[in-house]
Amino acid sequence: MARTGLAGAARVARWADAALGPGRAGATTDGKATLSDATAERAAAELGLSAAQVRADWDTARLAGLVEVHGDSARPGWRLRAWDRDDSAVLRGWVALFDAWSLACPEPGGHEPAAVAEVVSAMPQVLSFLQLSAGPVPVEQLLDLLQQRVTELRTERCEVAYEPGTGQPAGTPRPADPAPAGDAPLAPLLDWALRALASVGALTYGGGQATLTPLGSWAVWVKLEQICVAAQSPAGNIEQSAEDMLRGCAQLRPNAARAEYRAWLAARPVGSAVTELIGAARGDDALLRGLAFEALRVVGAPAEPDVRAVVDEPALRPYALLWLAEHDGIDPEDAHEVLTREEATWLWVDTAAAVADHGEAPMLVRHLESAVQPTVPQLLDEVRAVGHPRTVQVLVALAAAHPDPALAKAVRRAAFQVHTGG
C-alpha cells in the first residue's frame with residue numbers, strides 16, 4: 001500500500017533525478033534541480049500528466065523524503081535510492097508523509113493559528129480512537145472527542161481566554177461582544193484534518209464517517225508502540241541529558257544500548273535530540289563521541305543534515321563520513337574506505353583514547369590490530385603526524401599495556417617525541 005500511495009511521487013522524483021541532476025543535458029537554465037513553472041510543464045509533457053499533478057506529486061515526494069530540497073536546489077533522497085531494494089525505506093517514506101499530514105492540504109482560512117495548532121496537537125488522540133474502533137466512526141463522535149481533547153490541552157496550559165481590549169476574562173457580561181476566538185467551531189478544522197489524512201492514505205473519509213486504512217492503522221500502532229517504549233526505558237535514562245544517557249549506555253551490550261537510544265529518542269523531538277547528540281560528540285570524551293554517532297544511526301535519515309553539517313569539524317569528520325557512507329547504503333564493513341589514511345589514523349587514535357579511558361589494557365593492545373598501517377613503526381610515524389590532542393596519553397597507555405618490551409620501548413619513545421615536539 002505504501003508503494004502504491006507513493007508511486008506518483010517516486011515517478012516524479014525519478015524523472016527529476018534523471019532530467020535535472022547536475023551535469024545532465026536537460027538541466028534547467030540556472031543549473032539547479034528546481035521545479036520552476038517551465039520544469040513542471042516539461043515534466044507534465046514527458047510523463048503524460050497535468051502540471052498540477054506534477055506539482056502535487058513533487059510536494060508529496062518532498063514530504064516523504066524522496067527528494068531533499070536545500071535552499072533553491074534539490075537532490076534525490078536516500079529513500080528514492082533504496083526504493084527498489086528496501087521495503088523499510090518505502091515504509092519510512094510513507095510514515096514521514098503521515099507525520100506531515102498537516103502540510104499535505106492547505107488549512108482553511110479564517111482560523112486563528114492557535115486553534116489550528118490545537119487541532120493538530122489533538123489529532124493523535126482522535127487517530128488512536130479510530131484505531132481502537134477498528135471500523136467506521138461517525139464524524140459527530142470524532143468532533144466530540146476533538147472538542148474534549150482541545151479543552152484538555154487548554155486546561156493543561158492553565159489558559160484563561162481574555163476578551164480583546166478589556167483585560168477581563170472571557171465570560172464577563174458585555175452585551176453584543178463576539179465570542180472569543182478560542183470558542184470558534186472546530187468542525188471545519190476537523191473536516192480539514194480528516195481530508196488531509198485521507199489525502200496521504202491514512203484513512204477514508206466520506207458519508208459522515210471516517211475509517212483508518214490498514215496502513216493508517218499500522219502507523220498509529222507504531223506510534224503507540226513508540227510511546228510505550230519511551231515509557232519503559234530499559235536502563236532508566238530517558239530523562240537524562242544526551243551526555244548522561246550515553247554514559248549510562250557505555251556498559252550495555254549493543255542491542256541493549258540501541259533499545260535505550262530508541263527510548264530516549266522517542267521521548268523528545270528529533271531535531272533537539274540530534275542537536276544534543278552532536279553536542280555530546282563535540283566533548284572531550286572520545287567514548288561519548290563514538291556512542292553519539294551510534295545513537296544517530298538509530299535516528300536515521302532525519303539526522304542527515306546535521307551530520308553533513310559537521311563534516312568539516314576535524315574531531316567529528318571521520319565519524320560523520322562513516323555515518324554518511326552507511327546512510328548512503330555502503331556496507332558498514334566497507335564504509336572505512338571513504339576515509340583518507342590520515343582520517344583513519346585520527347579515528348584510530350580517538351578510539352584508542354576511548355579504550356584507554358574506559359577499557360582494559362588487553363583491549364588497547366588488541367586495538368593495534370585495527371590500524372590501517374601494516375607495521376607498528378609505520379603506525380607510530382603516522383600517529384605522530386596526525387596531530388590528535390590525545391596522542392601522547394594514548395601512546396603512554398599503549399606502552400604500559402603492551403607485553404613486548406621492545407615494542408613498548410618504541411611506543412614510549414614515540415610518545416616522548418610527540419611530547420617534546422620532535
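**Salt bridges, cores and a buried helix**

Across the whole of this predicted model, a search finds 17 salt bridges. One of them pairs Glu-118 with Arg-154, with 2.9 Å between the closest N and O atoms. Glu-118 belongs to helix α8 (residues 113–133) and Arg-154 to helix α9 (residues 139–156), so this pair ties together parts that are 36 residues apart in sequence. Glu-118 is buried, at 7% relative accessibility, and Arg-154 is also buried, at 17%.

A salt bridge between Arg-282 and Glu-313 has its closest N and O atoms 2.8 Å apart. Here the link runs between loops: Arg-282 sits between α14 (270–281) and α15, and Glu-313 between α16 (304–309) and α17, 31 residues apart. Arg-282 is partly exposed at 47% relative accessibility, and Glu-313 is partly exposed at 26%.

Arg-390 and Asp-357 meet through their side chains at 2.9 Å, N to O. Because Arg-390 lies in the loop between α20 and α21 while Asp-357 lies in helix α18, the pair ties together parts 33 residues apart in sequence. Arg-390 counts as buried, with a relative accessible area of 19% against a limit of 20%, whereas Asp-357 is partly exposed at 41%.

Helix α18 itself covers residues 341–358. Its 18 residues reach 26 Å from first C-alpha to last, close to the 26 Å expected at 1.5 Å a residue. Its buried residues include Trp-346, Leu-347, Trp-348 and Val-349, and also the acidic Glu-343 and Asp-350. Among the elements that cover them are α15 (286–299), α17 (317–327), α19 (361–367), α20 (376–386) and α21 (391–401).

The chain as a whole holds 22 helices and 5 strands, and 42% of its 422 residues count as buried. Of its contacts with a separation of 6 or more, 61% join residues 24 or more positions apart.

In soluble globular proteins, nonpolar side chains tend to be buried together. The largest nonpolar core here has 62 residues, and Leu-66, Trp-94, Met-123 and Leu-146 have the most contacts inside it. Leaving aside residues up to four places away in sequence, Met-123 touches Trp-101, Leu-146, Leu-190, Ala-193, Leu-194 and Leu-197. Another core lies apart from it, with 61 residues, including Leu-277, Ala-295, Ala-325 and Val-411.

Cys-105 is buried at 16% relative accessible area, and Cys-249 is buried at 1%. The count of disulfides is 0.

Methods
Residues are numbered from 1 along each chain as its sequence is written. This is a predicted model: local features need pLDDT of at least 70, side-chain atom pairs count only at pLDDT 80 or more; totals for chains, interfaces and linings use all residues. Side-chain values use heavy atoms; hydrogens and water are left out. Helices (H or I, at least four residues) and strands (E, at least two) are DSSP runs, numbered from the N terminus. Buried means under 20% relative accessible area, exposed over 50%, partly exposed in between (1.4 Å probe, protein chains only). Contact means heavy atoms within 4.5 Å. A nonpolar core is a set of buried Ala, Val, Leu, Ile, Met, Phe, Trp, Tyr and Cys residues joined through side-chain atoms within 4.5 Å. A disulfide is a pair of cysteine sulfur atoms within 2.5 Å. The expected span of a helix is 1.5 Å times one less than its number of residues. A salt bridge is a side-chain nitrogen of Lys or Arg within 4 Å of a carboxyl oxygen of Asp or Glu.
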